[in-house]
Amino acid sequence: MATVNPLKRRGLLFILSSPSGAGKTTISRMILESDDGIGLSVSATTRPIRPGEVDGKDYHFVTDAEFERMVADGEFLEWAHVFGHRYGTLRREVTKQIEGAQDVLLDIDWQGTQQLKQVDPDIVRVFILPPSMEELERRLRSRGTDSDEVIANRMSRAKAEISHWAEYDYVFINDDAEHCRKLVHTVLKAERLKATRRIFLHDFVRSLIG
Ligand code: 5GP
């Protein structure tokens, strides 16, 4: 009988986008905690660090000059301007996860998603919608970290982000974080089972029919 390694499969780039405040961070944290087959791609950003954030864990916080250098050196798979700052997915973060036979979770916006789709058409794109714009604003305000001007800015930015919902493969409404987590996790588990990703099947079927 042929020896089959069911773990031999192609790692998945799993993208989660939403306007900020729609609960994406909570959901990605829940998935990362409950599934050790997926790791987070920690992006680089030029935005200032927020209270409670950890450099290297939430983001790699870099200066504008450092970001420029990283762009010039081709360190990014994609990067974009968001809220007047720059954010980018590091090649080394994605490679690190994939080489550890891991799927990669990317918490990036629609601009980054469009760019990654060009790099790897096989990505899985999930979009999370808030239950209402009122609820979104309430969630943004409850963070208590941003001024009215920043909130207004984030709300208009949220509308722009939401307008890209149809570019995603799966779209869920987050009216309950646990329910939404389940749906996102179901997608992840099903996508892992796609025949095209389970490359060991080639060897196995060859052993069956020659
Ligand atoms: P925040 O500053 O609230 O952490 O993130 C703001 C927005 O930037 C979020 O919508 C987040 O998904 C997006 N973002 C974070 N990292 C990246 C990245 O590496 N690339 C792109 N294109 N967007 C990112």
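Buried means under 20% relative accessible area, exposed means over 50%, and partly exposed lies in between, using a 1.4 Å probe and protein chains only. The model is predicted, so local features need pLDDT of at least 70 and side-chain atom pairs count only at pLDDT 80 or more, while totals for chains, interfaces and linings use all residues. Residues are numbered from 1 along each chain as its sequence is written, and side-chain values use heavy atoms, with hydrogens and water left out.

**Stop 1: Asp64**

Select Asp64. It counts as partly exposed because its relative accessibility is 47%. Asp64 sits in helix α2, residues 64-72. Helices (H or I, at least four residues) and strands (E, at least two) are DSSP runs, numbered from the N terminus. The C-alpha atoms of Asp64 and Glu137 are separated by 30 Å, and the two are 73 residues apart along the chain.

**Stop 2: the largest pocket**

Rolling a probe the size of a water molecule over the atoms shows where empty space is left. Here the search runs on a 1 Å grid over the protein atoms alone: a pocket is an open set of points where a 1.4 Å probe fits, with protein on both sides within 12 Å along at least five of seven lines, and lining residues have an atom within 4 Å of a point.

Select Thr25, Arg50, Glu53, Tyr59 and Asp107. Of the 42 residues lining the largest pocket, these lie nearest its centre. Elements that give two or more residues to this lining are α1 (24-34), β5 (76-82), β6 (85-90) and α6 (148-162). Which element gives the most to the lining? It is α1, with 6 residues.

The pocket holds about 1300 Å³ of space. That volume is the space filled by probe spheres set on the grid points, which are joined across faces, edges and corners. Colour the lining by residue class: 13 are nonpolar, 14 polar and 15 charged. Ala, Val, Leu, Ile, Met, Phe, Trp, Tyr, Cys and Pro count as nonpolar, Asp, Glu, Lys and Arg as charged, and the others, Gly among them, as polar.

**Stop 3: salt bridges**

Side chains of opposite charge can pair when their charged atoms come close. A salt bridge here is a side-chain nitrogen of Lys or Arg within 4 Å of a carboxyl oxygen of Asp or Glu. By this rule there are 23 salt bridges.

- Show Lys24 and Asp107. Their side chains form a salt bridge at 2.9 Å, N to O. Lys24 is in helix α1 and Asp107 in strand β7 (residues 103-107), so this pair links distant parts of the chain, 83 residues apart. Lys24 counts as buried at 11% relative accessibility, whereas Asp107 is partly exposed at 25%.
- Move to Arg47 and Glu53. The closest N and O atoms of this salt bridge are 2.8 Å apart. Arg47 is buried, with a relative accessible area of 7%. Glu53 is buried too, at 19%.
- Next, pick Asp109 and Arg157. Their side chains meet in a salt bridge of 3.3 Å, N to O. Asp109 lies in the loop between β7 and α4 (110-119) and Arg157 in helix α6, so the pair ties together parts that are 48 residues apart in sequence. Asp109 is buried, with a relative accessible area of 11%.
- Finally, select Glu66, Arg69, Asp73, Glu75 and Arg92. Salt bridges link these residues in a network.

**Stop 4: Phe83**

Where is Phe83? It lies in the loop between β5 and β6. Phe83 is partly exposed, with a relative accessible area of 29%.

**Stop 5: Gln97**

Select Gln97, in helix α3 (residues 91-99). Is Gln97 buried or exposed? Gln97 counts as buried because its relative accessibility is 12%. Gln97 and Gly74 are 19 Å apart in space, C-alpha to C-alpha, and 23 residues apart in sequence.
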